[in-house]
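Hi everyone, thanks for coming.

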Amino acid sequence: MRRLVQGEAAVWALLTCLALGMAAASFGFGITREGGQVGPGFLPLVSGALLAGLSAATLVGTLRRTAAEQPVEGAERRRVRTLWIVFAMLFAALLLVPVTGFLVAFGLLVFAVSAFVERRRPVPALVVAVVATLVIYAVFVLFLNVPLPGGLLGIGGEG
């Protein structure tokens, strides 16, 4: 069971580092535009900082847990495995962005997590994915005027 805690801690540490890297890279996109408008780097900065903070807090909580507080070994294994699966899905979605564009990759990621990790039926999972994608499009492209990577398909922003 100690190996499981170490594995979970390693995932949270890796996620914390990736989130800090994302926040640091956001400065290259410009946090604000002329006139004080929100720039394309604002979302990666805020989400990276929040994700880093939450991941670091979860890492600390994982390390502080005592053996008596540990869940049953089988449940802990499933939880760590699910975390790694979601992490792999996120990585695959990031690799898809240059080809499909952000919106399509994001929609596929939400569908995959909803259908395969959360085990929802296909139609409700599809509805969740479409609604989430439309909300992202409305907020960033329509409201904030931040073009999202369009990939080879040219959907959702810059082509």
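Let me start with a term: a residue is called buried under 20% relative accessible area, exposed over 50%, and partly exposed in between. Please keep in mind that this is a predicted model.

With that in hand, take V127, which sits in helix α5, residues 122–143. Its relative accessible area is 48%, so V127 counts as partly exposed. V127 also belongs to a nonpolar surface patch of about 410 Å², together with V123, V131, V135 and V139.

Now, how does α5 pack with α4? The angle is about 145°, and the axes lie 8 Å apart. The crossing of α4 past α5 is right-handed. On the α4 side the contact includes F102, F106, V110 and S114, and on the α5 side A125, A129, A132 and I136 are among the residues taking part.

Let's stop at S114 for a moment. This serine is in helix α4, residues 102–117, and with a relative accessible area of 6% S114 is buried. Setting aside neighbours within four places in sequence, S114 touches R119, R120 and A125.

Last topic, charges. How many salt bridges does a search of the whole structure find? One. R79 pairs with E8, with the closest N and O atoms 2.5 Å apart. R79 is in helix α3 and E8 is in helix α1, so the pair ties together parts that are 71 residues apart in sequence. As for cover, E8 is buried at 3% relative accessibility, while R79 is partly exposed at 41%.

That's my tour, thank you!

Technical notes. Residues are numbered from 1 along each chain as its sequence is written. This is a predicted model: local features need pLDDT of at least 70, side-chain atom pairs count only at pLDDT 80 or more; totals for chains, interfaces and linings use all residues. Side-chain values use heavy atoms; hydrogens and water are left out. Patches are made of residues with over 30% relative accessible area and no salt bridge: like charges are joined within 9 Å, nonpolar side chains (Val, Leu, Ile, Met, Phe, Trp, Tyr) within 5 Å. Accessible areas come from the Shrake-Rupley method with a 1.4 Å probe; for residues, only the protein chains shown count as cover. A salt bridge is a side-chain nitrogen of Lys or Arg within 4 Å of a carboxyl oxygen of Asp or Glu. Helices (H or I, at least four residues) and strands (E, at least two) are DSSP runs, numbered from the N terminus. Buried means under 20% relative accessible area, exposed over 50%, partly exposed in between (1.4 Å probe, protein chains only). Contact means heavy atoms within 4.5 Å. Axes are lines fitted to C-alpha atoms, for helices over the stretch in contact, and angles run from 0 to 180 degrees between N-to-C directions. A crossing is left-handed if the near helix is turned anticlockwise from the far one by less than a right angle, and right-handed if clockwise.
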